Amino acid sequence: MKKYILDLQVKSVDRVHERYVLIRLTDDKPLPEMLPGQFVEVRVDGSSTTFLRRPISINFVDRQANELWLLVACVGDGTRRLAELKAGDTLNCVLPLGNGFTLPVTSYPSCVPSVASEQSSSAPFTFHLSPLLVGGGVGVAPLLYLGKVLKEKGVEPTFLLGARSAKDLLMLSEFEKYGRVLVTTEDGTMGEKGFVTNHSVLQQEQFDMIQVCGPTPMMKAVARYANEKGIECEVSLENLMACGLGACLCCVEKTKEGNLCVCKEGPVFNIKRLLWQS
């Protein structure tokens, strides 16, 4: 898929949590094609300590409004600078990068290329009717666009979202537009108490695909569940990245195929390719 370096215009920056902002970007021309699970590398201007671009998951693409949404966790000087952007500012982005989640092989919507080679792996299945999308923390970000595209393809997903408490759950009203939303919180302030792997839906219902993004221990726990149940499962890895193009070898992951750069070969991997279950 063709990559672009674009100066995108900031349309708005909204504080959706004390630690997260939602940045909406637009352009004078139609935005490039992007797949759920891909990411962008953004340049951080005005920071004396941030020399490399920052990889940010594609949270959502609104074709009608010609908007790209980025959900940014403010964890360091670079991301705090991004949170200080104002409407009308310019943000330089390299996009789209990496490989996204596997999508059902049906007629693709206009915003998604119908080429199987763009998917993260040559999975043995061709269609899934009951996908479970599992996210924790800022890991929920790529699942919103994934849910939108799935619904456009006639497949309504179930979202299982986890957080420490109710106040840490992000963008629930947006997720509810595209599928059923189930919630777990560690303190029990919303949904079922515990981790996502404790939710009763995992014992009560069957799914034919699980797609996950979030903290690595959570993803590994979900991967174990999927492996035990014989369910296809993909995870979006969050290894530290620098170049985003597979040149610097900063984000290498050990896999059954050898060492692979997450930014180029992923970030989405079928768990069968990883060494997690070894």
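Visitor: Which residues lie nearest the centre of the largest pocket?

Guide: In this predicted model, the residues nearest the centre of the largest pocket are P55, I56, A73, V138 and E238, and they belong to a lining of 35 residues.

Visitor: Which elements give two or more residues to that lining?

Guide: Those elements are strand β4, which covers residues 54–57, strand β6, which covers residues 67–73, and helix α1, which covers residues 77–83. The largest share comes from β4, which gives four residues to the lining of the largest pocket.

Visitor: What volume does the largest pocket have, and how does its lining divide by class?

Guide: The volume of the largest pocket is about 800 Å³, and its lining is made up of 17 nonpolar, 14 polar and four charged residues.

Visitor: OK, and the second largest pocket, how much space lies in there?

Guide: The second largest pocket holds about 410 Å³ of space. It is lined by 18 residues, and the closest to its centre are G137, G162, A163, E186 and P215.

Visitor: Which of them gives the most?

Guide: Helix α5 gives the most to the lining of the second largest pocket, with three residues. By class, that lining divides into eight nonpolar, six polar and four charged residues.

Visitor: Switching to cavities now: how many of 30 Å³ or more does the structure hold?

Guide: There are two cavities of 30 Å³ or more in the structure. In general terms, empty space left between atoms is shown by rolling a probe the size of a water molecule over them.

Visitor: What lines the largest cavity?

Guide: The lining of the largest cavity consists of G136, G137, V140, L161, G162, D168, L169 and L170, and the space inside that cavity is about 40 Å³. Four residues of this lining are nonpolar, three are polar and one is charged. One of them, G137, is also among the residues closest to the centre of the second largest pocket.

Visitor: And what about the second largest cavity, which residues line that?

Guide: The second largest cavity, with a volume of about 30 Å³, is lined by L132, V134, L160, V196, T197, L202, V222 and Y225. Strand β8, residues 131–136, and helix α5 each supply at least two residues of that lining, and by class the lining has seven nonpolar residues, one polar residue and no charged residues.

Visitor: Let's step back to the whole protein. How many helices and strands are there?

Guide: The protein has six helices and 16 strands. Its radius of gyration is 18 Å, close to the 19 Å that the globule rule gives for 278 residues, so the protein is as compact as a globular protein of that length. Along its principal axes, the C-alpha trace spans about 50 × 40 × 35 Å.

Visitor: New topic, the backbone: where are the peptide bonds that are cis?

Guide: A cis peptide bond joins L95 and P96, with an omega of about -15 degrees, and P96 lies in strand β7, residues 90–97. The peptide bond from G266 to P267 is also cis, with omega near 10 degrees, and P267 sits in the loop between α6 (262–265) and β16 (268–270).

Visitor: Then which residues have a positive phi without being glycine?

Guide: N66 is one of them, with phi near 55 degrees, and L249 is another, with phi of about 60 degrees. N66 is in the loop between β5 (60–62) and β6, whereas L249 is in the loop between β13 (232–236) and β14 (252–255).

Visitor: Is each of those buried or exposed?

Guide: N66 has a relative accessible area of 15%, so it is buried, while L249 has a relative accessible area of 56%, so L249 is exposed.

Key:
Residues numbered from 1 in each chain as written. Predicted model: local features only at pLDDT ≥ 70, side-chain atom pairs only at ≥ 80, totals over all residues. Heavy atoms only, no water. 1 Å grid on protein atoms, 1.4 Å probe; cavity = no way out; pocket = protein on both sides within 12 Å on 5 of 7 lines; lining within 4 Å. Points joined across faces, edges and corners; volume = space filled by probe spheres on them. Nonpolar A, V, L, I, M, F, W, Y, C, P; charged D, E, K, R; others polar. Rg over C-alpha atoms; globule rule 2.2 N^0.38 Å. Buried < 20%, exposed > 50% of the residue type's maximum accessible area, 1.4 Å probe, protein only.
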